[in-house]
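User: I'd like to learn how to read a few features off a model, one at a time. Can you take me through it, starting at the surface?

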Amino acid sequence: MSESGDLKRENEALRARIATLNAAILKINASLDLDTVLGEVVESARALTSARWGVIATVDETGAPGDFVFLGFTPEEQLELYTWPEHARLFEHFRGLPGPLRLDDLSAYVRALGIEPVPAFSRTFQGTPMRHHGVDVGSFFLADKADGEAFSDEDEEVLTLFASQAAAAIVNARTHRDERHARADLEALVDTSPVGVLVLDATSGRVLSVNREARRIGESLRTPGHPSEQLLEVMSLRLADGREISLSEFPIAEQLNTGETLRAEEVVLSVPDGRSIRTLINVTPIRAEGRDVRSVVVTLQDLAPLDEIERLRTEFLGLVGHELREPLAAIRGSAVTLLEDAAALDPAEMREFHRIIVEQSGHMRGLIGDLLDAGRLDSGTLSVSPEPSELAELVERARNTFGGGGGRQGILVDLPVDLPRAMADRRRIVQVLNNLLANAARHAPESSSIRVSAVREDALVAVSIADEGRGIAPELLSHIFDKHAGATAGYGLGLAICKGLVEAHGGRIRAQSDGPGRGTTVTFTLPVAGEPGAEAATEPPPGRQPAEKKRILVVDDDPRMLRSVRDTLAGAGYAPLVTGEPGDLAQIIRSEKPRLVLRDLVLPGRNGIELMESVPELSDLPVIFISGYGRDETVAAALEAGAADYIVKPFSPTELVARVRAALRRHEAPEPFTLGALAIDYDRRRVTVEDEPVTLTATEFELLRVLALNAGRVLTYDTLLRRVWGSRNGADANLVRIFVRNLRLKLGDDAASPTYVFNERGVGYRMVGPGDE
């Protein structure tokens, strides 16, 4: 009877264990979210063995360490493990074991490996590898059974069975994540394509999918108050051969069922009220297995931008012809006179005609140089080589050139004696000064003076050229630096080239005028030599390539802008990532880890400045706004929100690259920080208080660095956990509090009356900013 009872109890215990195992397996397979699966695996493993502590450590497909999840640890125990220098070595040892590892005394085992354990280590331990089809997925580790006993053979057996199911669940979750990312990448690629894409059901003509550019084209033809789908009922298509198809008479489904393929067909789409768009269309039928047409993919390219390019080209060629015609006419007229009437001319007259030929040929040479520079600006190949330069010398060279070229106005130079050196490509900045002096002379009376002045503005030197000429109307001020509009308004190509050259140095150029008859002042800026970011625009040494391309995330709902910025950044040696969906920002930043974010200020339904606050990941990166809004208050609001820079459309590829380089340099090589007696040298990782060095751990220094780089701003607990600890699973605000307490002790900062680090109760911490002292 006793043996029968024992057998019955063993069977019941076995059934209970199998039921618990089955429940655990169902639980870990209930989700395809990787974070959820990892948490359920370690929690279920703890439940199966009544273990107090549980850790899961995964490896990726290449064998590199992946995710870590900790359960059952107090904040203090987590802190011990996070700061323990031997954790990576021990993990590598466990990974190399051929099978499960069961220990009665973990600390003794670790000491036998020559590693000093941390006090948090328990005695009992069970490590179980997870493999899927022979491939290592990771391991989970359990410690300290609730009953104080050692892990048993039954524990190891059930955990081995559970590990195989856990590995399959993790692989499935990873596959699901990768498929989602691949699908999202493909959808983003199609949606941000500068070509419109529609997928139509071949049977019903119903629209199955439409990308952003196709929606834009449809919106331009849609009748207000009517759905976009109505377009397929009222639109007419005029083909290049003159044929016209009205969809009101021949429904779209009839057109699609033919299975006809169309390639690069010019088609004019029009609606009854007369509005139309000229497009280039491709039609590709997608056939089912039975060869019937299942769906049709239609691509549409709006030809209006190409028409505009052609118009600008024609306008530009006309402008060039006009610019060259005048000096050519003068040269030809002088040459003809010298050839045909030489006998009737006295030496003085002949000398004057020769002077005209030399002067006008020099003018033509300058025009041709301007045309070449304009082409380099458009292609983004106009490069500069800045070096520390004395602006007084450059201004003097430009003044001599102006006087030697026949300039009639006087040049008044007013430069401070303590003006710092600037980072300048000397030949190019002299070219800028020459252009600005020539432009001022062209629009000012010969009896007037042109004034050249300069002043330091923080990390920049601002150089101004002021004339007493006819001035500029307010509505033209923002256009005079545009190649087409400025040239049409009588300012030639010179100002557009000045803009490109200055921006290639990382500076800006602007014009001011009180109106017609009140003169004009043109001001450009250059970085001060020796300041952070001053050499941002320099080219890398020939033949040397960066070890790894820096990733730049570009967010814009305009496909053309995305493509232009992507090509510019790729050409400059960066690895651009593009998206048109601001809702994907946080996920992309976490997964792709870009070094900088370029984003449009205004996106559908999202304000860029508000997005800076709602997406915490943006606070970790330099953000440059791109916008057509150049009002001072808008720029100020963006910079106040934490933006690293603000670029106003339109801008040259050279300016974009220079500003990205400068922002990255400022972010990666910040100036030393000083606050009262506290000094932080980021490059040397040196901290002093009253000139006495302070010894900090790596994590303490990183915490102080993050707080100092964001001085004046409150950093939440989540932000600090993410930026200092990498947002490890299981970490909480207590971990931050522990490190801040230790940091304050070492800095001599009283928590009751702090000098450096202030607590915002329930939110996080902030370090005193320069304006808060």
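Analyst: Leu186, Leu189 and Val190 make a nonpolar surface patch of about 270 Å². Patches take residues with over 30% relative accessible area and no salt bridge, joining like charges within 9 Å and nonpolar side chains (Val, Leu, Ile, Met, Phe, Trp, Tyr) within 5 Å. A salt bridge here is a side-chain nitrogen of Lys or Arg within 4 Å of a carboxyl oxygen of Asp or Glu. Areas come from the Shrake-Rupley method with a 1.4 Å probe, and for residues only the protein chains shown count as cover.
Keep in mind that this is a predicted model: local features need pLDDT of at least 70 and side-chain atom pairs count only at pLDDT 80 or more, while totals for chains, interfaces and linings use all residues. Residues are numbered from 1 along each chain as its sequence is written, and side-chain values use heavy atoms, with hydrogens and water left out.

User: Is Leu189 buried or exposed, and which helix holds Leu189?

Analyst: Buried means under 20% relative accessible area, exposed over 50%, and partly exposed in between (1.4 Å probe, protein chains only). Leu189 has 55%, so it counts as exposed. Its helix is H6, residues 153-191; helices (H or I, at least four residues) and strands (E, at least two) are DSSP runs, numbered from the N terminus.

User: Which residues of H21 are buried?

Analyst: An α-helix has 3.6 residues a turn, so residues three or four places apart point the same way. In H21 the buried residues are Glu700, Phe701, Glu702, Leu703, Leu704, Val706, Leu707 and Ala708. H21 covers residues 698-709, and its 12 residues reach 16 Å from first C-alpha to last, close to the 16 Å expected at 1.5 Å a residue (the expected span is 1.5 Å times one less than the number of residues).

User: On to sheets. In what order do the seven strands run?

Analyst: Strands of a sheet pair through backbone hydrogen bonds, either parallel or antiparallel. Two strands pair if DSSP finds at least two bridges between them. This open sheet reads E7-E6-E12-E11-E10-E8-E9, with antiparallel pairing. Strands E7 (207-210) and E9 (244-246) are at the edges with a single partner strand each, so one side of each has no neighbour in the sheet. Neighbouring strands are turned by 30° against each other on average, direction ignored; axes are lines fitted to C-alpha atoms, for helices over the stretch in contact, and angles run from 0 to 180 degrees between N-to-C directions. Inside the sheet, E8 (residues 236-239) and E10 (residues 262-270) are joined by four bridges, and Leu239 stands opposite Val267.

User: Where is there a hairpin?

Analyst: Look at E32 and E33, with three residues between them; in the turn, Gly762 has a positive phi of about 80°. E32 (residues 757-760) pairs with E33 (residues 764-767) in the antiparallel sense over four bridges, and Asn759 has Tyr765 as its bridge partner.

User: Which strand pairs with E20 in the parallel sense?

Analyst: That's E21 (residues 575-579), over five bridges, with Val555 opposite Thr579. Four of the five residues of E20 (residues 551-555) are buried, so this strand is largely enclosed by the rest of the structure.

User: Last one: is Thr719 buried or exposed?

Analyst: Buried, at 7% relative accessibility. Thr719 sits in H22 (residues 717-725), and its C-alpha is 8.1 Å from that of Ser619, 100 residues apart along the chain.
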